[in-house]
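Let's take a walk through a protein together. We will begin with a single residue and then step back to look at the whole chain.

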Amino acid sequence: MTGEPLDRSVDRRAFLTRAAVLATASAAGATVGLPAIATAGPPAGRREPALDRPNAYTKPRPEALADPTELTIAEAAWLIRAGKLTPQRLVEAMLARISTYDGVYQAFNVVLADAAIAAARDAARRPRRGALHGIPLAIKDNYYTEGVRTTANSFLFENFVPPYDATAVARLKAGGAILLGKTQMGPLATTRATTPAGVVTTVNAWAPANPNVDPGGSSTGTATAVAGRMATSGIGTQTGGSITSPSNAQNLTGLKPTMGRVSAAGIIPLTYTRDHPGPLARDAKDAAIMLSAMAGEDPADPRSQGLPEVPDLIDAATPVYRRNRVRLRWDTRIGVLPGFADGTSATALARQAYLAQLAAIPGVTLVDVALPEGWSQLTGGTFNNVRLPERSEPFMPYLRSDLRGFGVSVTSWLQGALMGGNEFITGQRARLLLMERVLHELFDGCDVVVQTDPVPFDILGLPEIAFPIGFTAAGVPMGTILGGLPYAEDRLLSVVAAYQATTDWHLRRPADPSAAALRTRAADAPRLTAEQVAELTQ
């Protein structure tokens, strides 16, 4: 098909070397220049985000025309470009839903209503900047927002007002996006959204009357805002599943890019080697539009420098047709791990149907792949916990002075502070061994791999995309994850775009909260204990 996916030209050995240097920099507490990633061919050529190309716009579905909150980014952009929808009308529709339903959802901790309407009016007077022009977004509350409190939902930052925007936020705004507000999150990006004291706040938009239904974390509020049609799209961060988990839980398409693909400058950190900013969107096209705006080199973040050029993500996320039939943009071997779809449970049956649907798309080849040697040990909790000192080290003054500032998440911070140097170094070596085996063994037989858990790819900084594949008998979404080679966001998007062109799971929206839920929501919120938070922490 058109061009080649980026993963065919990236030097995997160079990526492994870069990871080793990054681990060393983390251990030394130093900011260093990282080795550039070599490519086998000429780079695509870095341009300003190409958000105004034909494939960034999609003619709206008839059922979406009556309600602006139903629109995807690409659909809303089509209407705005055609003069059939104004940014102000779109923003006001979202604010109306927030006013009506967020008392149940509790997705936002601050709503910037006046500023959003003013920005929408201003957008109507300015030349269009592309598909994000006038699009209202939800922003996770660990991203700096100029003049707006950024708390990471914690006692430590409860009064912090940044003097500038995070790089990712600034780039979205430069593309014309409008900030609706800041969203609830797990305290310091650890679990599902709770108060710093552990009282559950945000609920799953698909089960708003039952706070015990997992909404995913830690980017919970962003997921609920997008799923509940209170924002067209949004952004989160991921260190241990915090984009993919809430996306799977709430019928969204969440894209965790390769480490460094999006600058983490201006984001309250969790770990230096595993923090990934990325979008939580309604479909692959919207995720591609968001990532296109966010991605690219940033002088303020060494992790973003020396990387391959950002490929054409929007075209990659545009389905390709041959003789009126969807096919993959690039022939792709999809690796299936042992036991992925075994059994007769609802999850197994959904996975079997998903694999059958993929296999029916021309260009797809399903291949069975074996797990690398030592997989369980190298991806287990013992080695995964080597991330904990990275989160504790910057906060040692607080840990020494007042543990109450960490609220219910204090246990994992103490675990990090108490971990020995030998354990940390051994863990970093194990991480590099795991990376070598994944890059040169697991991916020897496939181009992307079906996953059941985000953690291994979070450990390695590799890209992954979460998307819906069905529903439980109770009407709660079920999703899956695909993982890819370094900087292969384009290939992941192409597979998901083709799958979504042949299914309608991603088009389904939850029912509005009932009147009973509106009346009773505040009275039944459970509380997570410190032990539960330590077990669930990202």
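Where is the place of Ser-304? Keep in mind as you look that this is a predicted model. Follow the chain to the loop between α8 (284-294) and α9 (313-316), and you will find Ser-304 there.

Is Ser-304 buried or exposed? Its relative accessible area is 2%, and a residue counts as buried under 20%, so Ser-304 is buried.

Now look at what the side chain of Ser-304 does. It reaches the backbone nitrogen of Asp-298 at 2.8 Å, and it also reaches the backbone oxygen of Asp-301 at 2.8 Å. Leaving aside residues up to four places away in sequence, Ser-304 touches Arg-18, Gly-260, Ser-263, Gly-296, Glu-297 and Asp-298.

Time to step back to the whole chain. Its secondary structure comes to 20 helices and 13 strands. Along its principal axes, the C-alpha trace spans about 60 × 60 × 50 Å. For 538 residues, a compact globule would have a radius of gyration near 24 Å, and the chain agrees with that because its own value is 22 Å.

What about the inside? Of the 538 residues, 61% count as buried. Among contacts with a separation of 6 or more, 76% join residues 24 or more positions apart.

The accessible surface comes to about 19600 Å², and carbon and sulfur atoms hold 52% of that. The chain carries 51 positive and 49 negative side chains, with the centres of the two sets 4 Å apart.

Terms used
Residues numbered from 1 in each chain as written. Predicted model: local features only at pLDDT ≥ 70, side-chain atom pairs only at ≥ 80, totals over all residues. Heavy atoms only, no water. Helix = DSSP H or I, 4+ residues; strand = E, 2+ residues; numbered from the N terminus. Rg over C-alpha atoms; globule rule 2.2 N^0.38 Å. Buried < 20%, exposed > 50% of the residue type's maximum accessible area, 1.4 Å probe, protein only. Contact = heavy atoms within 4.5 Å. Areas by Shrake-Rupley, 256 points an atom, 1.4 Å probe, with all protein chains shown as cover. Lys, Arg positive; Asp, Glu negative; His and termini not counted. Charge placed at Lys NZ, Arg CZ, Asp CG, Glu CD. Polar contact = N/O pair within 3.5 Å; in protein donor to acceptor, adjacent residues only side chain to side chain.
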